[in-house]
Amino acid sequence: MDPAAFRTDLDLIPDTLGALADALEAGLPGLDAVGALGSGLGPAPRVLVLGMGSSRYAADVVARRHRASGLNVVVELASAALLPPPSPDLVVVAVSATGGSVEVLRAIEHYRGTGRLVAITNRPDSPLGERADVVVPLVAGVEASGIACRTFRATFAVLDAVLHALRPAHGAARPARFDAAVLRRAAEATADLVHSSADWLDPATRLLAGPSGAWTLAPVERLSSAQQSALMLREVPRVGAFASETGDWSHVDVYLTKTQDYRALVFAGSAWDAQALEWMASRGSRLMSVGSALPGAELVVRHRHDDDADAALLAEVLVGELVANRLLDGEGANTHG
């Protein structure tokens, strides 16, 4: 891992999203083979998605959308000891940006040789790619830092395309796509955030650089934004950060507002925002919001297309990533700011 190259990777996100949009329109390699596999599974296929870390964060969001529209798909940590047995109606989709995650490689041993093992990876020639029956690339380019940021975003679109290909031709209505149009709007939104960061990055970094760490909240439909932001704060500058779903926050993290110098990055849009904000206000917590203004927020970050939940999902996490990079540089870390 080379954290010094992280900012370079972040700056390449708009171009990477545009290149992936072009690849989706041209037809991703391997996707036809996935469609042929899906057509032979009958009217009620089952799909198991395996991943770790940010791959799983993205997979959870995509799978939830497909599950809500009728596809029998679940996401499991690849480290789990208890996994479903191979079955003629089960497709296993293993997601690993590097294609070398040891937990993923161990988990797929249960399913090798079944003809129904699909790999999603940024390195098709990796050990994962070599062991799968079908490989679909993430088309995210080389992440010089070794930190999953461009591959994280690509996972949404590529896994979505794979799950769509596996769905029966007839049946329940299909969910909205992470298609080329969404990717291009997300690229515009990301570029807008990079441009506007001169106005908000320093105050955001000072706010989130609390002595007890930072907390991130997001609605379940965009929970990956909170999870990835917290991961980036842990992985890049190595500071404490903890993610919660906004509704669940009142059951698992509210207690710390009573005893900690509580600093929160809130991705707005949950039906449960008001409940969390009421607790924070009553206990003097400090917060910033992304996507819309929230009561009590000291700082509000807006961006192009932040009224488009799909585009925002791929763009808004840049706020946490840029703060993580700024903390790595040792700037803005005034815990009393």
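Mentor: Before we start, helices here are DSSP runs of H or I with at least four residues, and strands are runs of E with at least two. Also, this is a predicted model.

Trainee: Got it. Where does Pro168 lie, then?

Mentor: Pro168 sits in the loop that links α7 (150-166) and α8 (180-208).

Trainee: And which residues does Pro168 touch, leaving out those up to four places away in sequence?

Mentor: Gly42, Pro43, Pro45 and Arg174.

Trainee: What's the relative accessible area of Pro168?

Mentor: 24%, so Pro168 counts as partly exposed, because buried would need under 20%.

Trainee: Switching to helices. At what angle do α2 and α7 pack?

Mentor: About 20°, with the axes of α2 (residues 13-26) and α7 10 Å apart. That makes α2 roughly parallel to α7, since angles under 35 degrees count that way.

Trainee: Is the crossing left-handed or right-handed?

Mentor: Right-handed, as α2 passes α7.

Trainee: Which residues meet there?

Mentor: From α2, Ile13, Thr16, Leu17, Leu20 and Leu24; from α7, Arg150, Arg153, Ala154, Ala157, Val158 and Ala161. By class, that contact has eight nonpolar, one polar and two charged residues.

Trainee: OK, now α3. Which residues are buried in that helix?

Mentor: Leu31, Val34, Leu37 and Gly38, within a helix that spans residues 31-39. They cover an arc of only 115° around the axis, so they're on the same side of α3.

Key
Residues are numbered from 1 along each chain as its sequence is written. This is a predicted model: local features need pLDDT of at least 70, side-chain atom pairs count only at pLDDT 80 or more; totals for chains, interfaces and linings use all residues. Side-chain values use heavy atoms; hydrogens and water are left out. Buried means under 20% relative accessible area, exposed over 50%, partly exposed in between (1.4 Å probe, protein chains only). Contact means heavy atoms within 4.5 Å. Axes are lines fitted to C-alpha atoms, for helices over the stretch in contact, and angles run from 0 to 180 degrees between N-to-C directions. Angles under 35 degrees count as roughly parallel, over 145 as roughly antiparallel, 65 to 115 as roughly perpendicular and the rest as oblique. A crossing is left-handed if the near helix is turned anticlockwise from the far one by less than a right angle, and right-handed if clockwise. Ala, Val, Leu, Ile, Met, Phe, Trp, Tyr, Cys and Pro count as nonpolar, Asp, Glu, Lys and Arg as charged, and the others, Gly among them, as polar. The arc is that of the directions from the helix axis to the C-beta atoms.
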